[in-house]
Amino acid sequence: EQIAFHLARANPMTPHLDGARALFVAQGADAYVSPDWYGLPDQVPTWNYVAVELTGTARRLDDDALLPLIDALSTEHEARLSPKPVWTSAKMTPGLAQRMTGAIAGFTLDITGWRGTRKLNQNKNDAARQGVVDALTALGNTAMAGEVAAQ
């Protein structure tokens, strides 16, 4: 498996990534959890989160692969904005998108390992977790509320 990504060419990591072992972290839903929400005595605050860590070797892409990388990324996100017409680099003045990609460097990460982490009050009883779900729902953090509820 492989993922593709880009960084600013000015990023201090950019010149060192090609061929290097790398760690890519993707964070999902997260939230501060107040101890008051548990309805239990002697609790402490915590942070709930969902994340995945991917490890592997980074490989730099040729510059001609940058625009297709950006177009693929924007196509995925633009599809979520329907019914708005999808943006593509073809809407830009000819040659401008290619010049703008000069500010970024594209890479792939050949994934050799991954680890998912879910910290969702698993150590609490059902009533305490429900208190967290109710509080997060009231705050509008339905993504994390759903994660905690699914435990």
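I began with pairing, for which two strands count as paired if DSSP finds at least two bridges between them, strands being DSSP runs of E with at least two residues and helices DSSP runs of H or I with at least four, both numbered from the N terminus. The model I looked at is predicted, and local features need pLDDT of at least 70, side-chain atom pairs count only at pLDDT 80 or more, while totals for chains, interfaces and linings use all residues. Residues are numbered from 1 along each chain as its sequence is written, and side-chain values use heavy atoms, with hydrogens and water left out.

Entry on the sheet. I found 4 strands in an open sheet, in the order β1-β4-β3-β2 with antiparallel pairing, and its edge strands are β1 and β2 (21–33), each of which pairs on one side only. I then followed strand β3 (residues 46–60) along its antiparallel neighbour β4 (residues 104–119), to which 12 bridges join it; Thr57, for one, has Asp110 in β4 as its bridge partner.

Entry on the helix. I saw that α5 (residues 142–149) packs on the sheet, where this helix touches β2, β3 and β4 (contact means heavy atoms within 4.5 Å).

Entry on composition. The lining consists of Ala4, Phe5, His6, Leu69, Ala72, Leu73 and Glu76, and its largest share, 4 residues, comes from α2.

Note on methods:
1 Å grid on protein atoms, 1.4 Å probe; cavity = no way out; pocket = protein on both sides within 12 Å on 5 of 7 lines; lining within 4 Å. Axes fitted to C-alpha atoms, helices over the stretch in contact; angles between N-to-C directions.
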